[in-house]
Number of protein chains: 2
Amino acid sequence: MRSVSVIGVGETRMGRFPDRSLRDLILEGGDKAIRDAGIGKKEIQALFMSNYNAQFFCGQGHVAPLACEVLGLGNIPALRVEGACASGGLAFRQAWIAVASGLYDVVLVGGVEKMTHQSTETVTEGLAGASDVELEAGLGATFPSLFAMIANRYFHEYGNVRDEMALCAVQNHENALLNPDAQLQKRITVEQVKQGFPVADPLTVFDCSLISDGSAFVVLAATEVAQAISGRRLVEVIGSGHAGDTLTLASKRSLTTFDATVHAAGQAYAMARLKPADIDFAEVHDCFTITQIINIEDLGFFAKGKGGLGVSQGRTAAKGSMPINLSGGLKAKGHPIGATGLSQIHEVVTQLRGEAGDRQTGNADIGLTHNIGGTAATCVVNIFRGR
Amino acid sequence: MRSVSVIGVGETRMGRFPDRSLRDLILEGGDKAIRDAGIGKKEIQALFMSNYNAQFFCGQGHVAPLACEVLGLGNIPALRVEGACASGGLAFRQAWIAVASGLYDVVLVGGVEKMTHQSTETVTEGLAGASDVELEAGLGATFPSLFAMIANRYFHEYGNVRDEMALCAVQNHENALLNPDAQLQKRITVEQVKQGFPVADPLTVFDCSLISDGSAFVVLAATEVAQAISGRRLVEVIGSGHAGDTLTLASKRSLTTFDATVHAAGQAYAMARLKPADIDFAEVHDCFTITQIINIEDLGFFAKGKGGLGVSQGRTAAKGSMPINLSGGLKAKGHPIGATGLSQIHEVVTQLRGEAGDRQTGNADIGLTHNIGGTAATCVVNIFRGR
């Protein structure tokens, strides 16, 4: 399999956009990425679309040819990939495989979701479909309740990290202040998080990621042709991993170590021939604050049970030794489900190019993205290096 | 890219199964394919799932890890691929790319849909999401109405083929009589089709494919390792193509030639170094009878405008020179959306192995599958050869 690089990225601002349609979001993000790559549309040979549930939220299935038509890409092959909140990472990985295999030289990967026109109850129902509907959602479990159980189990096994969870939200909000694409640009405090509207104990509304509209796109090319067609600084995909776990929480080996993350990260590190300490910064899947703590442990950045300490020591903050979610993360940048995994890649590529403006991190040679779906029933990890 | 072969196939009977759940359908089809391949579950390295819309029909998204859990496949990577009624063909193609690339040696591809517990109105609404919801479905267009427009345009351009359309249904029903997995095993006549309950002129209910529950699975392996792990006669993937077209009918270059089919078939023929006349038999996407006539022309089996003649001359019948839909097709075998593309491959592999029993075709060296989504906004064509 041959080397593959990102040559273009583009995304919309994340937020509540009652007057913007699905096709409008696709058009903005897709056009930005193609223009960023500096290529013509005729050079794009395939489209990989990520979307969680436009059929439920907007009545629209078959999103890939819709995107193709909106972007004027002609008769190229297009398909949609879905793995709940990990859909973006999955679509990216399928595109990477297709280019690495030699089948295509240049492809576009996009993700989109439009949710905010629905009530929170309807959105919660749509999202709950990413859990086991017979054994979880159908019995009343929502994602906040499932992750609240995970948090309580974590407290039982490793001690209470309520303050550290709150601090994850505080740090992500802090980062989002400097990201013009972020949905929320508002400083918050640990006390505000803890005193927030209770959702599922111990989670308050400030522990939960946002409901968002938005799109994010990435142009991928075989590294051997990328330099000839694009003047941009290449960002190479040096590691990729994908693993799964049971859909149901009750069947998992552990509630506090996500095996899908451990396996996917292991694959990505092995392919990149790197260890966790070699990673300079990462975008990790902070659907809930407890998830961020578990993730930074499962990714090997901190020992098991010590993720909260890393957060409270400021090591995960923007100026820390392992900056996490410089974009603001799902918590403050936003979480338009199908776009999320690609927006993570947008951030890492922007940082590795040194184009992140006020939020540019100092040490940016190698970045990692971590994207999970459901209660980590799907996980995709990618590692990128600026060239 | 290396050679890839099918080493196992399995499917449920297609039909109305009010007492069978999504997981039950997955379990039967998946287990059959794995047992057919004669391999252990531990040899399966990834799962590619096809499903159109379990979230809408059953409230269940994130179907890939559900299938993984049901089938006991552990932490392997799993993802869902969607392209409306072409989802099965797309998932198969993604699996083929991943194995051909060298990333995996053995993978499972599965498709499932459970629809019949919903009313016909609800199913029609769910399916309409595969058209453009803003410009088509939202204005009242359903798929029968879209394909009725296609039929009327075909009549305008090439002459009336009402009887030939009816004969497609008659031939597919005839074939299904010999397929134990078929939903309908009932002989019909041209007059019955034409006098059937009107759906959208000229289409009657007998011109429309079925609403079905069911699953179909395929095990794929790199040809170089397939012989070592499976005692089954290999069926090699010798050609594959994937192309798209606009989602909206109004934007298409032609209503009577599906460009997505022409492009996808062209890719598959070029890869296989074959021409249409080299194909011995084919499963083509007969969502409506007019679609079957257009498809057999676009695939190059008959000249444009002459597909109906081929049907009326009996050339597409089981004993004809180009047998079409020996399984009974979507019309009589059934059309569980996500499973359809894989059930087509199930039939072609079964024929190429010489295991089709009473419906075995005499000349079965090379078979083709053709799977479309929407009004041919997505098309996947695969060509297989028995070894």
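Colleague: What pLDDT does chain A average?

Modeller: Chain A averages 97, and 100% of the residues score at least 70. pLDDT is the predictor's confidence in each residue, from 0 to 100. This is a predicted model, in which local features need pLDDT of at least 70, side-chain atom pairs count only at pLDDT 80 or more, and totals for chains, interfaces and linings use all residues. Residues are numbered from 1 along each chain as its sequence is written, while chains are lettered from A and ligands numbered from 1 in the order in which they are written.

Colleague: And what ipTM does the complex get?

Modeller: The predictor gives the complex an ipTM of 0.98, with a pTM of 0.98.

Colleague: How many residues does each chain put into the contact?

Modeller: Chain A gives 55 residues and chain B gives 55 residues. Two residues are in contact if their C-beta atoms, placed from the backbone, lie within 7 Å.

Colleague: Which elements of chain B touch chain A?

Modeller: Those giving two or more residues include helix 3 (63-71), helix 4 (87-100), strand 8 (235-244) and helix 10 (259-272) of chain B. Helices (H or I, at least four residues) and strands (E, at least two) are DSSP runs, numbered from the N terminus. By class, the side of chain B that touches chain A has 26 nonpolar, 22 polar and seven charged residues. Ala, Val, Leu, Ile, Met, Phe, Trp, Tyr, Cys and Pro count as nonpolar, Asp, Glu, Lys and Arg as charged, and the others, Gly among them, as polar.

Colleague: Back to chain A. How many helices and strands?

Modeller: Chain A has 14 helices and eleven strands. Its C-alpha trace spans about 55 × 45 × 40 Å along the principal axes.

Colleague: What share of chain A is buried?

Modeller: Of its 387 residues, 66% count as buried. That takes 20 or more other C-beta atoms within 10 Å of a residue's own; 12 or fewer is exposed, in between is partly exposed, and C-beta atoms are placed from the backbone.

Colleague: At what angle do helix 7 and helix 11 of chain A pack?

Modeller: Helix 7 (residues 162-176) and helix 11 (residues 289-298) of chain A pack at about 95 degrees, with their axes 8 Å apart. Axes are lines fitted to C-alpha atoms, for helices over the stretch in contact, and angles run from 0 to 180 degrees between N-to-C directions. Helix 7 and helix 11 of chain A are therefore roughly perpendicular to each other. Angles under 35 degrees count as roughly parallel, over 145 as roughly antiparallel, 65 to 115 as roughly perpendicular and the rest as oblique.

Colleague: Which residues make that contact?

Modeller: Among them are Met165(A) and Cys168(A) of helix 7 of chain A, and Ile290(A) and Ile293(A) of helix 11 of chain A.

Colleague: What about the phi of Arg273(A)?

Modeller: It is positive, near 55 degrees, in a residue other than glycine. Most residues other than glycine have a negative phi. Arg273(A) counts as exposed because it has 9 C-beta neighbours inside 10 Å.

Colleague: And Ala376(B), buried or exposed?

Modeller: Ala376(B) is buried, with 31 other C-beta atoms within 10 Å. Ala376(B) also has a positive phi, about 55 degrees, and lies in the loop between strand 10 (366-373) and strand 11 (378-386) of chain B.
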